[in-house]
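Dear colleague,

Please find below the structure that I am handing over to you.

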Amino acid sequence: MYKRQLRFQKAVCFFALAASVIIFLYALGIMTDLYESLYFTIRTPDNPARNPVAGALIYYDMQGFNRQFLHAGIALILTSVLLFITSTHVRRRYYIGNVAATAIHVVASIAVTVWARVQILAFKAQYLNEVDFEALKDFSNKRNTFYTESTFWFDIHALVFALAIAASILLIANLIWKFQLMKQEKQLIEAGKGAAA
């Protein structure tokens, strides 16, 4: 039983690390379409009326969030590395450090997921409601720049964050399983001592 659980906990820790790396990579890529399609339409960020495409300033509006999101991605990678530093992936018995590392990563993952999802959905609504796509298409045709109405980079967040939540659920399940096995082992040891006496 312990061998299966040990394999499971190692796989879960690596999955948590992979999910954190994917969030960081997503944070790097989320502005891709906005940069390619809107950046060159912005002549004067301080005077939106002089820009040929209304709503294009979403590119600048998202900069602060994107910077914070990148930092959050790095923080998640560090909290997942903490699982390995505390040997949560290989330890047969868990101690307070293993529980703390698991709790820190789970709380951080859920917090980043909730915070980023709210922000991304708000920016998606801004993108769809404020960007003048007719003007953008016209600008793109005249200047031969990239044109898209796609919300792919906004929408893919559901899959990215689903991985983070799945990793958190599996870490909690692993912790519960681990403590059940530790309790059973303790009972067997006590029963063995009682029989020997």
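Predicted model: local features only at pLDDT ≥ 70, side-chain atom pairs only at ≥ 80, totals over all residues.

Residues are numbered from 1 along each chain as its sequence is written, and side-chain values use heavy atoms, with hydrogens and water left out.

Salt bridges

The whole structure contains 4 salt bridges, each defined as a side-chain nitrogen of Lys or Arg within 4 Å of a carboxyl oxygen of Asp or Glu. One of them joins Arg92 to Glu185, at 2.7 Å from N to O. Arg92 lies in the loop between helix 4 (63-85) and helix 5 (96-130) and Glu185 in helix 8 (residues 157-196), so this pair ties together parts that are 93 residues apart in sequence. Helices here are DSSP runs (H or I, at least four residues), numbered from the N terminus. Glu185 also forms a salt bridge with Arg93, the closest N and O atoms being 3.0 Å apart. Glu185 is buried, at 17% relative accessibility, while Arg92 is partly exposed at 41% and Arg93 partly exposed at 33%; buried means under 20% relative accessible area, exposed over 50%, and partly exposed in between (1.4 Å probe, protein chains only).

A further salt bridge pairs Asp155 with Lys124 (2.6 Å, N to O). Because Asp155 belongs to helix 7 and Lys124 to helix 5, the pair ties together parts that are 31 residues apart in sequence. Asp155 is partly exposed at 35% relative accessibility, as is Lys124 at 23%. Through shared partners, Arg92, Arg93 and Glu185 are joined by salt bridges into one network.

Helix 1

The 28 residues of helix 1 (residues 2-29) should span 40 Å at 1.5 Å a residue, which agrees with the 40 Å between its end C-alpha atoms; the expected span is 1.5 Å times one less than the number of residues. Its buried residues include Tyr2, Cys13, Ile23 and Gly29.

Cavity

A search of the whole structure finds 1 cavity of 30 Å³ or more, where a cavity is a set of points on a 1 Å grid over the protein atoms alone at which a 1.4 Å probe fits but cannot get out, and lining residues have an atom within 4 Å of a point.

With kind regards

Definitions and conventions
1 Å grid on protein atoms, 1.4 Å probe; cavity = no way out; pocket = protein on both sides within 12 Å on 5 of 7 lines; lining within 4 Å. Points joined across faces, edges and corners; volume = space filled by probe spheres on them. Helix = DSSP H or I, 4+ residues; strand = E, 2+ residues; numbered from the N terminus.
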